[in-house]
Amino acid sequence: MKEETHSLPSFSAWLNKGFDLRGHARRMADARTDPEISPGSVFLTLLHSFIFRLPSFQQLDRELSHTYLQKWIDAERPFHDDTLRYSLCSFELEPLENMLVDINRRLKRSKAFDEGRAQGRLVAALDGIEVLSSFSRRCESCLERRVTLKENGRKVEQIQYYHRAVGCQMIHSPVKAFLAIEWLQPGEAEDTAALRLLRRLPDLYGSRFFDILLLDALYAQTPVLQLVREIGWDAVVSLKQNARDLYQSAVRLFSQRPPDMALTEQQDHKTYQIQLWDTEGLPFTIDNPEPVRVVRSEEVLQRQRYRQGERTPHSTDHEWLWITTLRQSEFPPTVIRQLGHARWKQENNGWMDLTQYWALKHGFLHACQHRPKRLDDASGQRESVANHGLAAVVGILLIAFTLSSAFVLRHSKLVRLYHLSTLSVAAQLRAWTSKIPPSIRAPDSGVPHSVSIS
Ligand SMILES: [Zn+2]
């Protein structure tokens with residue numbers, strides 16, 4: 001009988017055939033001179049550690065010394081996590097980004113983004129995420145902010161160091177691939193990094209890779225809307241009180257008239273009573289009176305609550321507003337509402353998933369002092385290269401996340417048959433690193449078997 005579990009060899013074959021994994025690994029580069037362990041091996045090691053969902057570099061170090069992981073990924077010789085750290089600190093980011101772009105193009109060609117489209121359109125969202133924060137460890141590209149803490153009942157102000165990035169992710173389809181990421185530079189606001197990312201996206205993917213961009217209220221501002229329009233995307237943007245004039249004129253207008261649409265939606269054990277208002281032609285701001293469409297949703301969520309063994313109905317009120325460039329004739333307010341909520345859901349599906357289940361909150365390589373040196377043209381001195389550790393690790397993480405999602409949600413027949421979770425698929429693949437790989441197995445050893453090493 002055929003074994004009903006995923007195998008690492010067939011997973012690797014899928015990666016190589018479908019996404020040219022080995023080809024991309026060969027193009028990885030770092031600033032070390034004549035390293036024994038190639039950047040490609042470093043990349044493959046960390047990629048697999050994310051695919052296997054190892055929780056930390058310490059765990060990865062243990063797997064490297066106690067399993068056949070190094071042999072499975074074909075690394076030149078045994079090595080430890082210090083090699084990984086030293087390499088990753090000086091990793092080149094471009095080959096990582098090129099690989100992510102190539103993966104996403106291949107996914108699009110294989111129709112991975114066809115499912116779940118909104119009126120036939122592909123939907124992406126932009127979101128910010130804080131990757132780590134610390135009061136003590138810092139590096140030269142840390143962002144800083146003053147934080148008030150309570151110490152023995154007294155308020156104390158301290159400087160906190162942190163890193164933040166803006167990412168763009170496909171969100172309508174089951175495979176929620178990340179398209180690109182942009183790091184905030186010291187002293188820079190999030191919208192500046194977001195604009196840089198938006199300008200870069202058409203160079204990476206062309207302007208028609210997706211059609212609709214979902215944005216958070218922070219981006220309800222003229223430069224963002226202008227750029228989005230210039231590139232040719234449509235947008236749905238959350239509207240909050242920070243866009244005061246527009247928010248207030250929309251609320252005022254809608255309060256004077258009955259809803260344009262009312263509906264009830266059932267989801268699991270929740271009932272949503274929804275009232276929608278929709279208007280075109282409100283001026284965006286006083287300085288930029290360009291007319292925009294505003295949709296407002298007033299929602300009463302009813303659900304059963306269990307209190308002391310008794311079921312009691314409980315209801316809460318919610319209000320949402322969005323501005324959009326999509327036209328009423330093609331996109332009724334119900335669709336705008338769905339799109340607006342999809343952005344909110346992305347917080348649970350994208351970054352949140354990465355921070356909670358993919359170990360993104362680790363302080364990996366953040367303030368790494370031990371880095372390769374290079375001759376600096378200006379000073380004539382050999383100086384440590386810029387620290388790319390955090391960006392490299394996150395880049396590899398996004399590749400691992402996208403490939404794993406595509407494997408589980410699109411490729412695996414076993415997942416469909418047995419409803420396996422993504423974590424159990426990761427565990428099945430990881431289990432193979434305890435087995436001797438075919439390349440070093442004795443010719444007559446037949447079926448692979450587990451080996452324990454003391
Ligand atoms: Zn830092």
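How much space lies in the second largest cavity? About 40 Å³. The model is a predicted one, in which local features need pLDDT of at least 70 and side-chain atom pairs count only at pLDDT 80 or more, while totals for chains, interfaces and linings use all residues. Residues are numbered from 1 along each chain as its sequence is written, and side-chain values use heavy atoms, with hydrogens and water left out.

The structure holds two cavities of 30 Å³ or more. A cavity here is a set of points, on a 1 Å grid over the protein atoms alone, where a 1.4 Å probe fits but cannot get out; lining residues have an atom within 4 Å of a point. Points are joined across faces, edges and corners, and the volume is the space filled by probe spheres set on them. Leu225, Arg229, Ala235, Val237, Val292, Ile323, Thr324 and Thr325 line the second largest cavity. Helix H9 (222–231), strand E6 (234–238) and strand E10 (310–324) each supply at least two residues of that lining. Helices (H or I, at least four residues) and strands (E, at least two) are DSSP runs, numbered from the N terminus. By class, the lining has five nonpolar, two polar and one charged residues. Nonpolar covers Ala, Val, Leu, Ile, Met, Phe, Trp, Tyr, Cys and Pro; charged covers Asp, Glu, Lys and Arg; the others, Gly among them, are polar.

Ile323 also belongs to the largest nonpolar core, which has 114 residues. Ile323, Phe43, Leu88, Phe210 and Val294 have the most contacts inside this core. Helix H13 (residues 389–411) gives the largest share, 15 residues. A second, separate core of 18 residues includes Ala118, Leu276, Leu301 and Val335. A core is a set of buried Ala, Val, Leu, Ile, Met, Phe, Trp, Tyr and Cys residues joined through side-chain atoms within 4.5 Å. Buried means under 20% relative accessible area, exposed over 50%, partly exposed in between (1.4 Å probe, protein chains only).

Next, a hairpin. Strands E2 (residues 143–151) and E3 (residues 154–170) pair in the antiparallel sense over nine bridges; pairing requires at least two bridges found by DSSP. Lys150 has Lys155 in E3 as its bridge partner. Two residues lie between the strands, and Asn152 takes a positive phi near 50°.

Cys142 is buried at 5% relative accessibility. Cys139 is buried too, at 9%. The disulfide count is zero, a disulfide being a pair of cysteine sulfur atoms within 2.5 Å.

Finally, Pro332 lies in the loop between E10 and helix H11 (333–349). Pro332 is partly exposed, at 28%. Its C-alpha atom is 8.7 Å from that of Asp278, 54 residues apart along the chain.

Key:
1 Å grid on protein atoms, 1.4 Å probe; cavity = no way out; pocket = protein on both sides within 12 Å on 5 of 7 lines; lining within 4 Å.
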